[in-house]
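Here are my notes on the model you sent over, point by point. Have the structure open while you read.

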Amino acid sequence: CVKPADLMGGFMSVQWFALLANLALSLSRWFGNFYIAVLAILLWYKSQVFTYTIDAIAEEAVVLFFFAVLLHSRLALLGRGYGTKRASILMLVSWLGPVVA
């Protein structure tokens with residue numbers, strides 16, 4: 001027999017998990033933007049100090065661009081998965097997140 005108090009305790013833990021997940025997601029977005037900016041500054045610094053051909057700089061810039069697109073799309077899908085109220089979607093996104101990384 002399930003008591004209403006037991007259900008409320010489970011509901012509260014889901015709310016705390018959602019709150020912590022949103023906090024982690026916002027920190028991940030901030031860190032992702034910071035990381036991309038540092039990589040872009042590092043690319044600029046390397047191109048100024050070392051002798052690189054234009055092709056090598058362009059190749060590294062394209063890789064950095066696609067990495068940024070991948071990172072932001074992954075974070076957008078993660079936010080969409082955390083925004084849902086269905087546990088199956090949340091579990092799927094939580095399990096596939098580290099696999100994609």
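1. Let's begin with Ala76, which sits in helix α2; helices here are DSSP runs of H or I with at least four residues, strands are runs of E with at least two, and both are numbered from the N terminus. Ala76 is partly exposed, at a relative accessible area of 44%. On that scale, buried means under 20% relative accessible area, exposed means over 50%, and partly exposed is in between (1.4 Å probe, protein chains only). The C-alpha atoms of Ala76 and Arg29 are separated by 9.1 Å, although these residues are 47 residues apart along the chain.

2. A word on the ground rules. You are looking at a predicted model, where local features need pLDDT of at least 70 and side-chain atom pairs count only at pLDDT 80 or more, while totals for chains, interfaces and linings use all residues. Numbering runs from 1 along each chain as its sequence is written, and side-chain values use heavy atoms, with hydrogens and water left out.

3. Now the overall layout. The protein chain has 3 helices and 0 strands, so to speak an α-α-α pattern when read along the sequence. Of its 101 residues, 15% are buried. Among contacts (heavy atoms within 4.5 Å) with a separation of 6 or more, 60% are between residues 24 or more positions apart. The accessible surface of the chain is about 8100 Å², and carbon and sulfur atoms own 74% of that; areas come from the Shrake-Rupley method with a 1.4 Å probe, and for residues only the protein chains shown count as cover.

4. What makes up the largest nonpolar core? It has 8 residues in all: Leu25, Ile36, Leu43, Leu64, Ala68, Leu71, Leu75 and Leu78. Helices α1 and α2 (54–83) each supply at least two residues of this core, with α2 giving the most, 5 residues. For the record, a nonpolar core is a set of buried Ala, Val, Leu, Ile, Met, Phe, Trp, Tyr and Cys residues joined through side-chain atoms within 4.5 Å.

5. Tyr35 qualifies on area because its relative accessible area is 37%, which makes it partly exposed.

6. The whole structure holds 4 aromatic pairs: rings of Phe, Tyr and Trp (its six-membered ring) pair if their centres lie within 6.5 Å, and planes under 30 degrees apart count as stacked, over 60 as edge-to-face and the rest as tilted. Phe31 and Tyr35 are stacked, because their ring centres are 5.9 Å apart and their planes are at 20°. Both lie in helix α1, 4 residues apart, or about one turn of the helix. Phe31 is partly exposed too, with a relative accessible area of 47%. The rings of Phe65 and Phe66 instead make an edge-to-face pair, as their centres are 5.5 Å apart and their planes at 65°. Phe65 and Phe66 are both exposed. Ring pairs also join Phe31, Tyr35 and Phe67 into a cluster.

7. Last, which residue forms a salt bridge with Glu60? Lys46 does, with the closest N and O atoms 2.8 Å apart. Lys46 lies in helix α1 and Glu60 in helix α2, so this pair ties together parts that are 14 residues apart in sequence. The whole structure has 1 salt bridge, meaning a side-chain nitrogen of Lys or Arg within 4 Å of a carboxyl oxygen of Asp or Glu. Glu60 is partly exposed, with a relative accessible area of 29%.
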